[in-house]
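Subject: Structure handover

Hello,

Here is the structure you will be working with. Please open it before reading on.

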Amino acid sequence: MNAVRQIRLFVVAGLALAASLCLGLGSQVQAAQATPQLTTDDCVKCHAQAPADIAANGAGHKKITCFDCHDGHPPKVPAKDIIPKCSQCHSGKKHYELTGCLGCHKNPHTPLNIVLSGNITDACLSCHTQQMAQLKEFPSKHSKLYCSTCHNVHGKIPACTQCHKPHFAEQTKDDCKKCHKAHQPKNVTYGKDIPNKDCGACHKKAMELLSASQTKHKSLACVYCHQDKHKMVPACQTCHGTPHPAAMMSRFPKCGECHNIAHDLNRWNSPAKESVKQEIKKDLKKKKK
Ligand code: HEC
Ligand code: HEC
Ligand code: HEC
Ligand code: HEC
Ligand code: HEC
Ligand code: HEC
Ligand code: HEC
Ligand code: HEC
Ligand code: HEC
Ligand code: HEC
Ligand code: HEC
Ligand code: HEC
């Protein structure tokens with residue numbers, strides 16, 4: 001609120017207005033007497049709705065009077081000229097440069113009763129900029145939707161499951177945000193508390209192999225290895241360093257040549273490696289001593 005213009009009601013105009021109103025109602029007697037000034041208490045006699053609305057939900061507009069906005073009255077002043085422009089009092093913010101204030105603030109007597117109708121994005125940006133920044137930085141099909149497609153009532157947060165099915169039956173609407181953010185839905189990130197079945201919903205093979213495995217990897221969570229961000233794949237060395245002698249490793253540069261894959265370790269399928277196997281076992285025993 002930058003400049004609330006204090007509007008003075010001219011006494012003369014008021015008297016003339018009151019008089020003409022009374023005449024309009026055909027009360028010659030009253031008009032002949034000393035004409036009383038029209039006050040805001042009078043408005044309700046003929047206009048029940050506006051005062052009731054302001055009393056119930058006037059918000060900031062309770063701080064001003066009917067006169068501050070409606071300067072004069074028909075027939076003295078034509079009806080169209082006593083409807084104020086919002087810009088009389090609201091100026092100096094990006095939001096106040098929008099057009100069609102009454103499109104959202106449907107009723108000026110209940111200004112915080114906001115109705116969002118139609119497809120709205122630009123008007124939201126007069127106050128919220130971060131969300132658009134995210135939608136742009138992480139392009140997805142959500143970036144092509146209007147803000148009001150999801151937020152059709154101001155301040156309302158929609159559930160993802162209003163528009164999408166969960167990945168598996170037991171997943172609830174509250175689970176989605178463990179991996180997704182609405183304004184960057186494809187940038188999947190997560191914490192350490194994701195149960196394996198959440199990943200298993202899409203990765204059946206990895207899930208089955210790991211569950212069937214007899215090695216110590218079996219008891220590890222998917223997200224213990226695949227940390228923080230979807231599609232992150234760790235190197236074995238991140239956790240195990242260089243466990244075997246360099247000479248041996250130069251002959252078999254990939255851990256998987258002997259250990260197969262992380263989900264299904266230690267499937268020896270090459271007799272050629274049997275001799276190395278013994279070397280390594282010896283080496284490991286030595287280290288442990
Ligand atoms: C005696 C009855 C009466 C009283 C009292 C009265 N009005 Fe009115 N008002 C009318 C009538 C009748 C009209 C329609 C006039 C026209 O359209 O020419 C009107 C029109 C209006 C309009 C324009 C509505 C439109 O359709 O654009 C506004 C605003 C208004 N009044 C506000 C007020 C305010 C504020 C007060 C108190 C200060 C008030 N009126 C007091 C009878 C009254
Ligand atoms: C913040 C400014 C503001 C205040 C305060 C205000 N009005 Fe209004 N009023 C408006 C505007 C703007 C419109 C035109 C609404 C439209 O075009 O839909 C309007 C419309 C009206 C109308 C005609 C439409 C209708 O709702 O019936 C009446 C009558 C009216 N006001 C009466 C009053 C009375 C009585 C008061 C005091 C109790 C009052 N207004 C206070 C801004 C105000
Ligand atoms: C005569 C001056 C005046 C006019 C005209 C006016 N307003 Fe206001 N408006 C105010 C004042 C005063 C406040 C309260 C500001 C505060 O509390 O700091 C206010 C507050 C508001 C609020 C916030 C309410 C709240 O409690 O937070 C909205 C929304 C609003 N106006 C919308 C409008 C719209 C839309 C129009 C045009 C239809 C309009 N105003 C016309 C004076 C006016
Ligand atoms: C697209 C819908 C939309 C349009 C168009 C719109 N507003 Fe708003 N306005 C809002 C929303 C949403 C709020 C936030 C309400 C809240 O804080 O709960 C708001 C808040 C306000 C506020 C109080 C908060 C503040 O930042 O001052 C004022 C005053 C206001 N609007 C005036 C206007 C005026 C004047 C216009 C026209 C120039 C206008 N609005 C156009 C939706 C709209
Ligand atoms: C005049 C400024 C203004 C405009 C315009 C506006 N908002 Fe808001 N919005 C606010 C304010 C102020 C809040 C309350 C912030 C808070 O509680 O932290 C809010 C809250 C929200 C919230 C809820 C935030 C939460 O944490 O629960 C959402 C969602 C939202 N706005 C979306 C929108 C959308 C979508 C639009 C466009 C249709 C829009 N807003 C237009 C000012 C505005
Ligand atoms: C696909 C639906 C969708 C679209 C499109 C969308 N939002 Fe949201 N928005 C949400 C959901 C859901 C949340 C709750 C937070 C979350 O899940 O990340 C949210 C949260 C918010 C919040 C609360 C603060 C925050 O960032 O968490 C604001 C403000 C907001 N949105 C504004 C906007 C604006 C402005 C736009 C348009 C530029 C927009 N939203 C587009 C669904 C959407
Ligand atoms: C109002 C409906 C709506 C809501 C609410 C909504 N979405 Fe969407 N979402 C869509 C639409 C529409 C698409 C595009 C679908 C298509 O074209 O196949 C989409 C696409 C997606 C995509 C794929 C994006 C891409 O570019 O491929 C993901 C991921 C997604 N949504 C996740 C979510 C999550 C998580 C939430 C809650 C935070 C959510 N959505 C809330 C409507 C919604
Ligand atoms: C454990 C993390 C996780 C959880 C929890 C999660 N998602 Fe996803 N979601 C993903 C991953 C990963 C993708 C695939 C992204 C890709 O293709 O790159 C995805 C993709 C999507 C897509 C795009 C279409 C598709 O099926 O590939 C939608 C829509 C979606 N999720 C909605 C949801 C909803 C709704 C919830 C909550 C009920 C939810 N997600 C919970 C990780 C998760
Ligand atoms: C909604 C289905 C979905 C969910 C849930 C999901 N993913 Fe994926 N994941 C995918 C898709 C689709 C791909 C890409 C597959 C491809 O490119 O062949 C993928 C790829 C991967 C990759 C391989 C990356 C690469 O470079 O080969 C890893 C690792 C992965 N996901 C781990 C996980 C983990 C861990 C979770 C649980 C936190 C998870 N995923 C949850 C759908 C999902
Ligand atoms: C995020 C860390 C992590 C990554 C990445 C990882 N591991 Fe492990 N690994 C472990 C942990 C923890 C154990 C169990 C250690 C213990 O209990 O002594 C383990 C155990 C093992 C064992 C012994 C199994 C047993 O049952 O005795 C082998 C062999 C092994 N890892 C090989 C690998 C190979 C090969 C890779 C890459 C394909 C790999 N690891 C990737 C953490 C990891
Ligand atoms: C030439 C085959 C071969 C290669 C290549 C190989 N390993 Fe091994 N690794 C073994 C053998 C054999 C054992 C002992 C298995 C046993 O005791 O049953 C072993 C044991 C391990 C163990 C368990 C150590 C312990 O203390 O029990 C880890 C962890 C391991 N390897 C990690 C790796 C990593 C990481 C790589 C890649 C950098 C790798 N290995 C490459 C053959 C190999
Ligand atoms: C011990 C660490 C570890 C655990 C636990 C683990 N992974 Fe992996 N995962 C890896 C490594 C390392 C790779 C790269 C391939 C390789 O060298 O084994 C991989 C590869 C993948 C891939 C891509 C290749 C493929 O097999 O499709 C997916 C998808 C995947 N993991 C999903 C999962 C899921 C789902 C879980 C839980 C059920 C899981 N991982 C548990 C370490 C792990």
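Predicted model: local features only at pLDDT ≥ 70, side-chain atom pairs only at ≥ 80, totals over all residues.

Residues are numbered from 1 along each chain as its sequence is written, while chains are lettered from A and ligands numbered from 1 in the order in which they are written.

Ligand 2 has 18 residues around it, among them Cys43, Cys66 and Cys69, which belong to the nearest ones. A residue counts as near if its C-beta atom, placed from the backbone, lies within 6 Å of the molecule. Helix α4 gives the largest share of this shell, four residues. Helices here are DSSP runs (H or I, at least four residues), numbered from the N terminus. By class, the shell around ligand 2 has 11 nonpolar, six polar and one charged residues. Nonpolar means Ala, Val, Leu, Ile, Met, Phe, Trp, Tyr, Cys and Pro; charged means Asp, Glu, Lys and Arg; the others, Gly among them, are polar.

Ligand 8 is surrounded by 19 residues, with Cys160, Pro166, Cys176, Cys179 and Asp198 the closest. Its shell divides into eight nonpolar, six polar and five charged.

In the loop between α11 (222-225) and α12 (236-240) lies Asp228, which has a positive phi of about 70 degrees although it is not a glycine. Lys231 is in the loop between α11 and α12, and its phi is near 80 degrees.

A cis peptide bond, with omega about 5 degrees, joins Pro74 and Pro75.

Regards

Terms used: Helix = DSSP H or I, 4+ residues; strand = E, 2+ residues; numbered from the N terminus.
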